[in-house]
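Visitor: I'm new to this one, could you walk me through it?
Guide: Gladly; have a look at it here, and then ask whatever comes to mind.

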Amino acid sequence: MAFVQFSQVSLAFGDRDILKNVTINLQTGSKVALTGANGAGKSTLIKVLAGLVPPDSGSRAVQKECRIAYLPQSGLTHHGCTLREEADKAFEFGYEMQKRIDEIGEQLERGEGNTDNLVMQQAELIQKLEESGWHRREAAAESVLLGLGFSRSDFDRDTAEFSGGWQMRIALAKALMQGPDILLLDEPTNYLDIEARSWLEQFLQNFNGGFLLVSHDRYFLDVTINEVYELFNGDLKRYPGNFSHYEKVREVELKTLIAAYEQQQEEINKLEDFIRRFGYKATKAAQAQEYMKKLEKMERIEIPESLKKIHFSFPPAPHSGRLVLRLHDICKSYDGNFKVLNNLELTLENGERLVVAGRNGAGKSTLLRIIAGEDSDFSGELVPGAGVKIGYFSQDNAETIKGKETILDYLEARAPLELIPKLRDMLGAFLFRGDDVYKSLDVLSGGEKSRIALLQLLLSPVNLLVLDEPTNHLDIHSKDVLLTALRDFGGTVIFVSHDRGFIEQLATRVLELKPGQFKNYPGNYEFYMEQVAKLEAQENGGGGSLPLAPAGKPSSATPSNGGQAPRNAPQTSENTSSSSLSWEEQKKLEAARRKAEKEVAQLEAKISELEEKKSALENKMADPAVYSNGEKAKAVQREIEELAQQIEETTAAWEIAAEKLG
């Protein structure tokens with residue numbers, strides 16, 4: 001069994017401990033997520049695992065011939081050959097083995113060396129080469145490249161032609177193609193769309209080796225890993241289970257710490273407030289000095305950023321009518337021939353959260369630019385509703401943020417007065433913490449500027465938000481803060497995202513785009529995925545469903561049922577969908593589902609509370625002062641039995657509620 005193992009590893013940068021006596025073992029079958037706040041040292045830990053950064057102390061053991069593949073967050077580029085040729089470099093290990101096999105063959109022909117040993121070595125190498133899949137490398141490379149979103153026409157393009165995001169996809173493809181024993185992936189989902197992420201999920205689920213990865217996509221983590229390591233203040237702790245389970249366990253575990261943290265923060269605020277108000281008054285100066293000393297000596301309690309509860313609300317959305325937007329017969333072409341958008345129809349009502357789905361190149365960003373008024377070079381009719389005020393975010397917004405102003409000054413000058421006191425917390429939620437808020441705009445990275453642009457938009461009083469990839473450059477905690485704010489937003493949202501968990505939590509309706517085609521799906525993203533899966537099953541099973549027709553145009557395919565379209569065939573007009581349910585029926589089903597989900601969540605919380613009480617009483621029974629006193633012991637035992645009965649009844653109610661969700 002292949003493995004990479006740390007034992008009591010420590011590493012410091014200056015006076016800061018990055019790793020403190022860390023122990024971790026990765027082996028065949030390990031499916032690990034590494035988590036921790038930004039700057040905790042996750043990337044450094046992965047580099048130490050990969051053997052790229054030596055630790056200050058401790059040991060790193062790697063099984064002989066264990067092959068490790070490492071993917072950094074960014075910075076890799078490729079040039080000087082085609083994509084096909086670059087992909088073939090991933091199989092260098094096989095070429096080396098084949099070279100050694102050939103060398104042994106030549107030795108045997110010349111009669112050199114110990115024949116038996118050479119034959120045995122050659123046989124072992126041939127077996128390893130066969131088991132590695134090297135002889136099927138061309139098919140493997142094609143499968144991985146297509147899965148990560150490349151087209152066959154890309155295979156013979158020079159790698160230098162690809163943008164930065166696609167360069168990292170090439171690097172990821174090469175890491176996967178190597179068939180390593182251990183995969184180390186530092187934010188592999190950063191540059192992937194939702195289709196490529198789904199493919200990578202399947203790949204990792206079926207991967208025979210072990211892997212450790214960092215990702216800010218909760219859904220991706222939940223479906224790929226089965227244990228979490230948290231890096232916090234240099235310490236590494238293991239939590240079995242998926243990422244959502246880790247979050248629940250960790251939050252319960254740190255309840256006491258969070259309470260102490262909040263109490264300490266309250267005390268700090270009071271002391272600092274006193275010092276600000278009375279530090280320069282002679283009658284209070286001595287006391288202010290004492291408070292300053294107290295602050296300096298105070299041992300500050302720290303908790304992970306992900307557990308700090310930060311909430312903010314949008315400015316109230318200006319009133320608009322029920323009809324927010326109507327698009328009729330929208331067509332868009334960049335070359336005058338192929339239509340990216342063709343006869344697109346869309347009617348949007350107040351309060352909807354519409355996600356625009358589709359592969360890269362399907363026209364998602366184009367549609368959002370048209371709706372936002374950034375692109376007027378199209379045909380068709382776009383009619384905004386009465387009182388509609390649009391706020392638009394895209395990664396391009398970052399280019400307008402420049403100057404010598406600090407982040408804090410820049411946003412204070414643009415924020416409504418009532419939100420200025422909350423700006424520090426909001427900046428913290430968007431990963432600008434401590435002295436970061438005093439950074440000059442000109443020194444910010446592209447990702448930092450994107451976060452500022454998004455936050456600036458959220459401070460504006462609008463009633464239609466058009467958001468193109470708002471979750472890029474955000475960690476899981478920041479996404480949660482944004483998601484909560486968007487769900488509470490009093491207006492309407494149209495958005496594109498590659499984060500499936502974010503989409504599932506926000507979208508109430510899906511517009512699917514394919515080049516020149518569209519389909520509307522009333523209902524949430526889960527419903528959309530179910531419909532897509534049904535359609536694919538029909539097509540794969542020869543169910544006779546029609547191919548997708550250009551938007552607004554009848555299919556030229558001949559239906560197999562006497563000229564009638566199959567009952568479950570998807571429709572492309574605005575007022576129909578791939579579901580046989582009406583819009584109103586679907587809305588009722590969604591409302592019922594949300595009610596059931598709420599009931600399940602409440603019952604789960606109650607079960608957890610009851611189990612905690614029962615556990616506390618069981619611990620109490622181990623106290624000599626209780627078990628040695630017959631009356632006390634009986635009283636505690638009765639409480640335990642009552643709680644056990646309540647847990648049983650609540651669990652039964654939970655099972656009934658869970659059945660409603662299917």
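Guide: We can start with the whole protein and then turn to some of its parts.

Visitor: How many helices and strands does the protein have?
Guide: This is a predicted model, and in it the protein has 21 helices and 18 strands. Of its 662 residues, 44% count as buried, and the accessible surface comes to about 33,700 Å², with 48% of that belonging to carbon and sulfur atoms.

Visitor: Let's pick a helix. Is H15 largely enclosed or open?
Guide: Helix H15 is largely enclosed by the rest of the structure, because 11 of its 13 residues are buried. Among those buried residues are Glu448, Lys449 and Arg451, along with Ile452 and Leu455.

Visitor: And what covers the buried residues of H15?
Guide: The cover includes strand S14 (390-393) and strand S15 (464-468), together with the helices H13 (407-412), H14 (423-429) and H16 (476-488).

Visitor: What about H16 itself, which of its residues are buried?
Guide: The buried residues of H16 include Ile476, His477, Val481 and Leu482, whereas Asp480 is partly exposed, with a relative accessible area of 27%.

Visitor: Which residue forms a salt bridge with Asp480?
Guide: That is Arg218, and the closest N and O atoms of the two are 2.6 Å apart. The pair links distant parts of the chain, since Arg218 sits in helix H8 (residues 218-224) and Asp480 in helix H16, 262 residues apart. Arg218 counts as partly exposed, at 21% relative accessibility.

Visitor: How many salt bridges are there in the structure?
Guide: The structure holds 31 salt bridges. One of them joins Arg250 and Glu230, with 2.8 Å between the closest N and O atoms. Arg250 lies in helix H9 (residues 243-253) and Glu230 in strand S8 (residues 227-232), so this pair ties together parts that are 20 residues apart in sequence.

Visitor: Are Arg250 and Glu230 buried or exposed?
Guide: Arg250 is buried, and Glu230 is buried as well. Another salt bridge is formed by the side chains of Glu512 and Lys519, at 3.4 Å from N to O, and both of these residues are buried too.

Visitor: Switching to strands, in which sense do S1 and S2 pair?
Guide: Strand S1 (residues 3-13) and strand S2 (residues 16-27) pair in the antiparallel sense over 8 bridges, and Phe6 has Ile24 as its bridge partner in S2. In the hairpin of these strands there are 2 residues between them, and Gly14 takes a positive phi near 65°.

Visitor: What does S1 do with S4?
Guide: S1 also pairs with strand S4 (residues 57-62) in the antiparallel sense, over 5 bridges, and there the bridge partner of Ser7 is Ser59.

Terms used. Residues numbered from 1 in each chain as written. Predicted model: local features only at pLDDT ≥ 70, side-chain atom pairs only at ≥ 80, totals over all residues. Heavy atoms only, no water. Buried < 20%, exposed > 50% of the residue type's maximum accessible area, 1.4 Å probe, protein only. Helix = DSSP H or I, 4+ residues; strand = E, 2+ residues; numbered from the N terminus. Contact = heavy atoms within 4.5 Å. Pairing = 2+ DSSP bridges. Areas by Shrake-Rupley, 256 points an atom, 1.4 Å probe, with all protein chains shown as cover. Salt bridge = Lys/Arg side-chain N within 4 Å of Asp/Glu carboxyl O.
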